[in-house]
Amino acid sequence: SSVFKRAEGKLWSLRAFSSAAGGEQKVAEAAPKAAAAAAADSSSTNSPKNGGSHLSKILIAGGLAAAGYYGYNASKTPSSPKSEEVPVIEKKAPPAPVKDYAAVAKAIAEVLDNNEYDDGSYGPVYNAGFAQRLARSGLFKPSNSSKLQWRPRTYSAGAEQKVSQGAGAQASKYALSPEQIAIEYERSKRNIKRSQYLLFGGCLVSGAYAYILMRSSKPLDIDALQKKDPVKDYEAVANAIAEVLDNSEYDDGSYGPVLVRLAWHASGTYDKNTGTGGSCGATMRFAPECEHGANAGLAVARSLLEPIKQQFPWISYGDLWTLAGKVAIEEMGGPTIPWRSGRKDAPNGTHCTPDGRLPDASLGAAHVQDVFGRMGFNDRETVALIGAHTVGRCHTDRSGFVNPWTNAPTTFSNLFFQELTTRKWRKKKWDGPVQYEDETKELMMLPTDMALLWTRKYKAIVNEYAKDQDAFFKDFSSAFSRLLELGVSFPEDSVPL
């Protein structure tokens, strides 16, 4: 080693000399001398016995090669011939390595194929799971995108080597064998065929359904399918009813009284003993109920409300007729009538009630008590409900009777009871049914009305109502609301309008 150090020192001297003198010629001339000096020094310390001559040859050859290399490099460095000082070479910090991840990826790709490993590759499959494991290794971190994209993170020293080494191991771990690839391929083919069968079958079913619809005698109502459940705005219905009440060409200028009569007669057929009748069903639409004598003339009211039914088709006839009675009373100045919706219409006339359930105006107090008792009303409620005669008039072509009960037939008040108790009534002399008239012969009372005045238990209530309209309004509101609900099953959460 000492010989090598001395030769190395002489070679460094040659390098400095060549740098100062400048030129390959001087280096070439100096190289044999340096080699010879090194050989001379080595002959005194090395012998053939320990291999010295062989080592000397190696050192000489190496010295010549080193001298040529350094001389050549020195000749490339520009120097000033005027200066004999050895220039100082500035050492610059090596530039930061360019982080070429494409090169890293290329390097990974180059090590994948290997005929001696498994099926000739370290990684035929690369999936999201591999990318996620790389992310957990700390070499990559996910981007902000919701999709599965990855971007490199800052590398520490030697990270590129870690990536190349780790990627090969991960690719090997998740590689598929040819048998597995064949199985996956067959499975994919089956899934594709299954999807094709399902698509083809769906097309056949759709085509068959379309053909049936086209051949059907009743075309498909697309509008009906697209319709949603309507918003049941009963206030809008009530407003529509109020708009049609006034008509100067009908009776006394209002349809209000005939609508009250429609609601009363549609509800007054209830029998508490059998649970039949009442406003639920609106059976007056069908014969024979619409032809009963007590319902004569009510076709006018039903026809008046039919356009409103067409405007609001979701409302039942039972709800429409009873709501019309409520609106008419309130519009004519009467009390507020609590009213609830929920009546369902009967599909046909099989549920029509028998004739005779409504009050017969030609009979007396016993009949009044029987009819109202059958519906479940007490004496006070009976008198209050008959007080509806405060509006409207009788017609000879309907009931056979004639004239109004009061001089204000379109105003709901307690005037009926006042007229009944203050005027003198006598039988009307004519060819029609028995009725009573006042001294003016313009007002009338029915036999059932006079029965209230002639029956003690009813007369006390009549006198009270004649003096106290508020008491009459309170009792009538409650009784008429209950009349409209006889036989109707309302939802528990039903709220009166």
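The side chains of Asp-252 and Arg-393 meet in a salt bridge, with N and O 2.9 Å apart, in a model that is predicted. This pair links distant parts of the chain, since Asp-252 sits in the loop between helix 9 (234–243) and helix 10 while Arg-393 belongs to strand 3, 141 residues away. Asp-252 is partly exposed, with a relative accessible area of 34%, and Arg-393 is likewise partly exposed, at 28%. Side chains of opposite charge can pair when their charged atoms come close.

**Other salt bridges**

- The count of salt bridges comes to 13, and another of them joins the side chains of Glu-485 and Arg-340 at 3.0 Å, N to O.
- Because Glu-485 lies in helix 18 and Arg-340 in the loop between helix 12 (317–331) and helix 13, this pair ties together parts that are 145 residues apart in sequence, and both Glu-485 and Arg-340 are buried.
- Glu-419 forms a salt bridge with Arg-423, where the closest N and O atoms are 2.3 Å apart; Glu-419 is buried, with a relative accessible area of 7%, whereas Arg-423 counts as partly exposed at 23%.
- Glu-419 and Arg-423 also belong to a network of salt bridges that includes Asp-438 and Glu-439.

**The chain as a whole**

- The protein chain has 18 helices and seven strands, and of its 497 residues 37% count as buried.
- Among contacts between residues at least 6 apart in sequence, 67% join residues at least 24 apart.
- The accessible surface of the chain comes to about 29800 Å², and 54% of this surface belongs to carbon and sulfur atoms.

- In helix 13 (residues 365–375), the residues His-367, Val-368, Val-371, Phe-372, Arg-374 and Met-375 are buried.
- These residues cover an arc of only 155 degrees around the axis, and therefore they lie on the same side of helix 13.
- An α-helix has 3.6 residues a turn, so residues three or four places apart point the same way.
- The face turned away from the buried side of helix 13 carries the exposed residues Ala-366 and Asp-370.
- The buried residues of helix 13 pack against helix 10, helix 14 (379–386), helix 16 (447–454), helix 17 (456–467) and helix 18 (469–485).
- After helix 13 comes Gly-376, whose phi is positive, near 100 degrees.

**The nonpolar core**

- The largest nonpolar core holds 80 residues, of which Ile-241, Leu-259, Phe-476 and Phe-480 touch the most other members.
- Leaving out residues up to four places away in sequence, Phe-476 touches Ile-329, Pro-335, Ile-337, Ala-384, Leu-385, Ala-388, Phe-412 and Ser-481.
- In soluble globular proteins, nonpolar side chains tend to be buried together.

- His-395 lies in the loop between strand 3 (393–394) and strand 4 (403–404); His-395 counts as buried because its relative accessible area is 16%, which is under the 20% limit.
- Apart from its neighbours within four places in sequence, His-395 is in contact with Asp-251, Gly-400 and Phe-401.
- Lys-427 is found in strand 5 (residues 426–427), and Lys-427 counts as exposed at 53% relative accessibility.
- Lys-427 is in contact with Val-434, Gln-435 and Tyr-436, its neighbours within four places in sequence being left aside, and its C-alpha atom is separated by 9.4 Å from that of Met-444, 17 residues apart along the chain.

**Backbone details**

- Most residues other than glycine have a negative phi, and most peptide bonds are trans.
- Asn-403, although not a glycine, has a positive phi of about 85 degrees; Asn-403 lies in strand 4 and is buried, with a relative accessible area of 17%.
- Lys-441 has a positive phi near 60 degrees and is found in the loop between strand 6 (436–437) and strand 7 (444–445).
- A cis peptide bond, with omega about 10 degrees, joins Ala-287 and Pro-288, and Pro-288 has its place in the loop between helix 10 (256–267) and helix 11 (299–311).

**Confidence of the prediction**

- The chain averages a pLDDT of 79, and 67% of the residues score at least 70.
- The pLDDT stays under 50 over residues 10–24, a stretch for which the model has 24 contacts beyond four places in sequence.
- Over residues 139–156 the pLDDT is also below 50, and this stretch has 32 contacts in the model beyond near neighbours in sequence.
- Where pLDDT is low, the predicted coordinates should not be read in detail.

Conventions: Residues numbered from 1 in each chain as written. Heavy atoms only, no water. Helix = DSSP H or I, 4+ residues; strand = E, 2+ residues; numbered from the N terminus. Buried < 20%, exposed > 50% of the residue type's maximum accessible area, 1.4 Å probe, protein only. Contact = heavy atoms within 4.5 Å. Core = buried A, V, L, I, M, F, W, Y, C linked by side-chain atoms within 4.5 Å. Areas by Shrake-Rupley, 256 points an atom, 1.4 Å probe, with all protein chains shown as cover. pLDDT = per-residue confidence, 0-100. Arc of directions from axis to C-beta. Salt bridge = Lys/Arg side-chain N within 4 Å of Asp/Glu carboxyl O.
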